[in-house]
Amino acid sequence: MDKPVRIALFGIGKMGQNHLRILTMLKDVEIAFLYDTNMELCAEMSKKFDIKILENLDSDLLSCDGAIIVTPTFTHFDYINKVSDYVKNIFVEKPLTNTLESTQVIVDLAREKNLNIQVGFIERYNPAVITLKNILASSEQKIINIDFVRTNRTSSRITDVDVVIDLMIHDIDLALSFNGDVRDIYAHGVVIGDMIEYARACMIHENGAFSNIVASRITEKRIRQISITTHNEYIDCNLLRKEVFVDKQSVEQRLDNVSISANTETIEVRGQESLLSELIDFVKMCKNTPSPTNNRPNEKDGMKAMRVAHKIQDIIHNAHR
């Protein structure tokens, strides 16, 4: 039997505890240690899951196959730098870092040290998104436009990054994965204090497709929606309910008149929890096993998304100066 993959977990706040829950479910994983600046929480989680707390960074990391960083965004850069001296397989929650400049430093570091970095763009593992991509691949339909809407009032508890980095960056990554590089960006938004809390962006891709993205921490209702227009189909995807609906144009003959009508097809979405799929993919990376979907987001994907996000932030802030 293969030895379990030993993984260090940095950060056990709300999202970190989700990672902890999933990791304890995986039979081929051993959590080497926990670490959080909140030592009281560390002690509580250590006792609950019978996992040791970090004692000595040097010696404890030497025995690890990988590290997962689920700490506040502004700390990502320092943690990646620290753990990269000991482990080459690193999972970092999105975004990779909090600035464009520090993200580039990490991209360079990954190349110099031959690191394997996975960025936590969890929506790539959402079964509804996977179903959506399969539909597009099988129909060979060219995308004309994609609309993304992502709102979450409760996300306002996150104060170290704005709504572009907190929420919109998920859909920026999806837009890039669907349609490739961006040629032009238009954006506007609402700035409260120094933070962008509502943002709307239009991205024109090199392939001619459009991506319209709305992200809000003002809106009370929680929404995760993708709508795609192709030449013959309109596809609605609800990421929260894991529902996909396809409206296909059909031609009906009525006497001497021709009318266009739409047939709606409901696509059954199957799949496991997105975070479970994401962490299974990270464990495979630690084992030097290819990603089953060949869709694992790396530091270069993190950089591409951050470059677009930074441009959107600049446009919005400049409009408010």
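This is a predicted model: local features need pLDDT of at least 70, side-chain atom pairs count only at pLDDT 80 or more; totals for chains, interfaces and linings use all residues.
Let me begin with a helix, H7, which bends by about 50° at Ile169.

Staying with H7 for a moment, the helix has 17 residues, and from its first C-alpha to its last it reaches 22 Å, which is close to the 24 Å expected at 1.5 Å a residue. At its start, a side-chain oxygen of Asp162 comes to within 3.0 Å of the backbone nitrogen of Val164, and following the helix there is Gly180, whose phi is positive, near 85°. Is H7 mostly covered or mostly open? The helix is mostly covered, with 16 of its 17 residues buried.

That brings me to the interior. In soluble globular proteins, nonpolar side chains tend to be buried together. Here the largest nonpolar core has 70 residues, and the ones with the most contacts inside it are Ile226, Val244 and Ile312. The largest share of this core, 11 residues, is contributed by helix H7, residues 163-179.

Let me turn to the aromatic rings, of which the structure holds 4 pairs. One of them is formed by Phe91 and Phe282, an edge-to-face pair with 5.9 Å from centre to centre and 70° between the planes. Why does this pair tie together parts that are 191 residues apart in sequence? Phe91 lies in strand S4, residues 89-93, whereas Phe282 lies in helix H8, residues 274-286, so the pair links those two parts. Both Phe91 and Phe282 are buried. Elsewhere in the model, Phe10, Phe33, Tyr35 and Tyr79 form one aromatic cluster.

Finally, consider a residue in another setting, Lys47, whose place is in helix H2, residues 39-49. Is Lys47 buried or exposed? Its relative accessibility is 74%, and because exposed means over 50%, Lys47 counts as exposed. Lys47 and His170 are 123 residues apart in sequence, and in space they are 34 Å apart, C-alpha to C-alpha.

Conventions:
Residues are numbered from 1 along each chain as its sequence is written. Side-chain values use heavy atoms; hydrogens and water are left out. A nonpolar core is a set of buried Ala, Val, Leu, Ile, Met, Phe, Trp, Tyr and Cys residues joined through side-chain atoms within 4.5 Å. Buried means under 20% relative accessible area, exposed over 50%, partly exposed in between (1.4 Å probe, protein chains only). Helices (H or I, at least four residues) and strands (E, at least two) are DSSP runs, numbered from the N terminus. The expected span of a helix is 1.5 Å times one less than its number of residues. The bend at a residue is the angle between axes fitted to the seven residues ending there and the seven starting there. A polar contact is a pair of N or O atoms within 3.5 Å; within protein, one must be able to donate a hydrogen and the other to accept it, and residues adjacent in sequence count only if both atoms are side-chain atoms. Rings of Phe, Tyr and Trp (its six-membered ring) pair if their centres lie within 6.5 Å; planes under 30 degrees apart count as stacked, over 60 as edge-to-face and the rest as tilted.
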